[in-house]
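I opened my notebook to look up a few features of this protein.

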Amino acid sequence: MGILDSIKQDKILIADGAMGTLLYSYGSDCCFEELNLSQPNQIYNIHQAYLNAGANIIQTNTYAANYHKLERYGLQDQVKEINGAAVRLARKAVTKHDAFVVGTIGGIRGIKPQATPIEEIKRTFREQLYCLLLEGVDGILLETFYDLEELETVLSIARKETTLPIISQVSLQEVGFMQNRVPISEALTRLEALGADIVGLNCRLGPYHMLSTLEEVAIPKHAYLSAYPNASLPSYVDGKLQYESDADYFTEAALSFRDQGVRLLGGCCGTTPAHIEAFSNSLRGAAPVKEKKVKTRERVTVVTPPAKKTAPPLFEKAKKEQSIIVELDPPRKLNTDRFMQGAQALKDAGIDAITLADNSLASPRVCNTALGSIVKSEIGLRPLIHITCRDRNLIGLQSHLMGLHQLGIHDVLAVTGDPTKVGDFPGASSVYDVTSFGLINMIKQFNQGISLSGKDLGERTSFSVGAAFNPNVRVIDKAVERLEKKIESGADYFISQPVFSEEKLLEVYHATRHIDAPIYIGIMPLTSSQNANFLHHEVPGIKLTKDILEAMGKHKDDPKQASQEGLTIAKGLLDAALELFNGIYLITPFMRYELTVELATYAKKYGPFHSSRRIRNV
């Protein structure tokens, strides 16, 4: 008799609970799946504990036993060994029990916006699936899938490869919805249509929110419902995650799950044999529910507020005419007088926006959002705020975007950010929950009025998103490919690293002529021979020509002449850049805004002349 045969006999099956939670509580803080090989008795004993608690179905310790996740530990070549050992341990455990073994495969795509390519997921999934099937499992459990596309893809593959029962479970981001705003009821119906025998929910939330979601889910016509709730929301105590739910609470919840039509009930994060025993005792002999009243949720639509009178996006201007933006770094010290003087002088020079870096070179500076807001309100100059992925996690990034929206700041530059080891505090943590690609995606999702988790923000933001472009590479085509991928993520325009040769400007022009998104070409005046050598040798993404290094070297003992030489070089590059690009990005060195004011004035004075001679067939 198989899993489905047991359910058809009007039984509610009890599954096991968390594996990782117990291993973590025992002191294991490594690759849990590798323990199938190095600590088999520990895995076997956990299986036994759940079976003794009343579980009818146990899952193999293979949630993350795929190439993609094992690669983090250097174990990617042991996929077959780890999965094979896991099945054999589970099989050994059920020998004296009337229970089934399901081979577990977890989702790869999580809640981060950057998605693993679907082709990589297919390859990784097939490898793990074949390993489990070869060892003789009683069914396949697909669990903890946040991304519906991923689950539908792997379910389709599994259904073609086996006639064994397939359990397909999604994870909630919000009650009733997946992270892409697909209602859970719709998601489960789609999974049933693709051949899943049991569909349901697992992980992320505890019984309360999971039951609230199931109230909106009808009993499937052909499949059965499952639920594997977490024990509770975790707390963080002494550097460890702890789940504090009382197992007695699961005794009360069990009948509620039955009332929602659940026919397979287990546990996820934080659950222990005590929780599973509570489920088992509560539902022993209980008849399943075959009909239920489905609660209808009132659908909330994203509100689009009335359009505010704001200046057109920067990139729209750069598509049609000359546009000049200037970077003026926030100061390292609390006195901002000189910064504000520079911002005023740059506004008087007629620039379109001032760009403010986000703790450039991983060194703390006055908050760029605070300064940008002051510049906007007190000087009337448009701020372009850089946002790095280095200093904020997914929560902080979203909060930051909401704050910018409230301040009426809509121009942002999304960058990954220099690692902390290059800055003043090399021991600080670099977060990098996402890269610039994921951040761009997130911002564009905000523009749809939807948070990263799929929640309705109540309003749409109106960010125009810039992205970084480094043309100072040996093979420009590789840099352009990266640029194109950022456009696919949603980038509206690009700001380049400083360029120090006319040849490079021409190379960039030809390599990007097919791209509609405008590029602001970086021009940075050099201030000394020491400055030139530092940029060339020590700053990633910047290379100077031999001629420029020699020219600056001639004035290494004369700071005034060196600065003038730097301006002359910058003006020559500006001449060439204005022939090819509408967008100019002037970078202010060491708060010496007089230099960028002079360059901006020069560009504004000669801009119309250059624009009339703009090269289109170089």
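Below are my entries on strands, helices and cysteines.

**Ground rules.** I am working with a predicted model, where local features need pLDDT of at least 70, side-chain atom pairs count only at pLDDT 80 or more, and totals for chains, interfaces and linings use all residues. Residues are numbered from 1 along each chain as its sequence is written, and side-chain values use heavy atoms, with hydrogens and water left out.

**The open sheet.** I looked up how the strands pair. Helices (H or I, at least four residues) and strands (E, at least two) are DSSP runs, numbered from the N terminus. Two strands pair if DSSP finds at least two bridges between them. I found an open sheet of 8 strands, with parallel pairing, in the order β1-β10-β7-β6-β5-β4-β3-β2. Its edge strands are β1 (13-14) and β2 (57-59), and each pairs on one side only. Next I checked β1 and β10: they run parallel and are joined by 2 bridges. Opposite L13 I found L264 in β10.

**Strand β17.** Is β17 enclosed or open to the outside? I used the cut-offs for burial: buried is under 20% relative accessible area, exposed is over 50%, and partly exposed is in between (1.4 Å probe, protein chains only). In β17 (residues 519-523), 5 of the 5 residues are buried, so the rest of the structure largely encloses this strand. I then sorted them by side. I519, I521 and I523 lie on one face, Y520 and G522 on the other, and both faces are covered.

Which strands does β17 bridge to? Strand β16 (residues 493-498) runs parallel to β17, with 3 bridges. F494 has I519 as its bridge partner. Strand β18 (residues 583-587) is also parallel to β17, with 4 bridges. Here Y520 is partnered by G583. I also noted that β16, helix α19 (residues 502-511) and β17 make a right-handed β-α-β unit. Right-handed means that, with the strands pointing away from the viewer, the path from the first strand over the helix to the second runs clockwise.

**Helix α11.** This helix (residues 247-259) has 13 residues and reaches 19 Å between its end C-alpha atoms, close to the expected 18 Å. The expected span is 1.5 Å times one less than the number of residues. I found a kink of about 30° centred on A253. The bend at a residue is the angle between axes fitted to the seven residues ending there and the seven starting there. The buried residues are A247, F250, A253, A254 and F257. They pack against α10 (207-214), β7 (224-228), β10 (262-265) and α12 (273-283); contact means heavy atoms within 4.5 Å. After α11 comes G261, with a positive phi near 90°.

**Cysteines.** How many disulfides are there? A disulfide is a pair of cysteine sulfur atoms within 2.5 Å. I count 0. For C30, the nearest cysteine sulfur belongs to C31, 6.7 Å away. C30 is partly exposed, at 36% relative accessibility. For C203, the nearest is that of C269, 3.7 Å away. C203 is buried, with 10% relative accessible area.
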